[in-house]
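This report describes the strands, the core and the side-chain links of one protein model. Please read it alongside the sequence and the coordinates.

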Amino acid sequence: QVQLVESGGGLVQPGGSLRLSCAASGSISGINVMGWYRQAPGKERDLVAIAASAGGTNYADSVKGRFTISRDNAKNTVDLQMNRLKPEDTAVYYCLLQRTGIRYWGKGTLVTVSS
């Protein structure tokens, strides 16, 4: 019932910036958490940043000061502004929506940071 569609992935040079966007639709009313996880080759899917509907945010230590998560509750979107990108940021980035204890995932968008 919940659909998440990511966009904005691509190839960027180290030190560059990229903005990811996720649009949610379906049964998404009520209090929820939206955010971004990422999965690098050979690694587990890990938290990047999350944002509650009330505005609170949390970031992984590896991206603090470089990434900014933002929500637009009216549009049902969540964005991730990524600055000063590093090669180790290369991963598939997945949009997350958690509602009533259930997690929903997007299909992912690939971010490659390389010179």
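The text below covers the basis of the model, then the disulfide, the sheet, the hairpins, the core and the aromatic pair.

The model is predicted, with local features needing pLDDT of at least 70 and side-chain atom pairs counting only at pLDDT 80 or more, while totals for chains, interfaces and linings use all residues. Residues are numbered from 1 along each chain as its sequence is written, and side-chain values use heavy atoms, leaving out hydrogens and water.

**Disulfide**

A search of the whole structure gives 1 disulfide (a pair of cysteine sulfur atoms within 2.5 Å). The bond runs between C22 and C95, with an S to S distance of 2.0 Å. C22 sits in strand β3 (residues 18–26) and C95 in strand β9 (residues 91–99), so the link spans distant parts of the chain, 73 residues apart. Strands here are DSSP runs (E) of at least two residues, numbered from the N terminus. The angle about the S-S bond is -85°, and the link of C22 and C95 is left-handed. Both C22 and C95 are buried, where buried means under 20% relative accessible area, exposed over 50% and partly exposed in between, with a 1.4 Å probe and protein chains only.

**Sheet and hairpins**

Strands of a sheet pair through backbone hydrogen bonds, either parallel or antiparallel. Two strands count as paired if DSSP finds at least two bridges between them.

| Strand pair | Bridges | Opposite residues |
|---|---|---|
| β1 and β3 | 6 bridges | V2 and G26 |
| β4 and β5 | 6 bridges | M34 and A51 |

β4 and β5 make a hairpin with 6 residues between them, and G42 in the turn has a positive phi of about 75°. A hairpin is also formed by β5 and β6, with 4 residues between them; G55 in that turn has a positive phi of about 115°.

T77 belongs to strand β8. T77 has a relative accessible area of 17% and is therefore buried. Apart from neighbours within four places in sequence, T77 contacts C22, A23, S70, R71 and D72, contact meaning heavy atoms within 4.5 Å.

**Core**

The largest nonpolar core contains 29 residues, and W36, L80, M82 and Y93 have the most contacts inside it. Such a core is a set of buried Ala, Val, Leu, Ile, Met, Phe, Trp, Tyr and Cys residues joined through side-chain atoms within 4.5 Å. Among the strands that supply at least two residues each are β4 (32–39), β5 (46–52), β8 (77–82) and β11 (109–113). Residues touched by M82, beyond those up to four places away in sequence, include L18, L20, F67, Y93 and V111.

**Aromatic pair**

The structure holds 1 aromatic pair. Rings of Phe, Tyr and Trp (its six-membered ring) pair if their centres lie within 6.5 Å; planes under 30 degrees apart are stacked, over 60 edge-to-face and the rest tilted. The ring centres of Y37 and W105 are 5.2 Å apart with planes at 90°, so this pair is edge-to-face. Y37 lies in β4 and W105 in strand β10 (residues 102–105), so the pair ties together parts 68 residues apart in sequence. Y37 is buried at 11% relative accessibility, whereas W105 is partly exposed at 32%.
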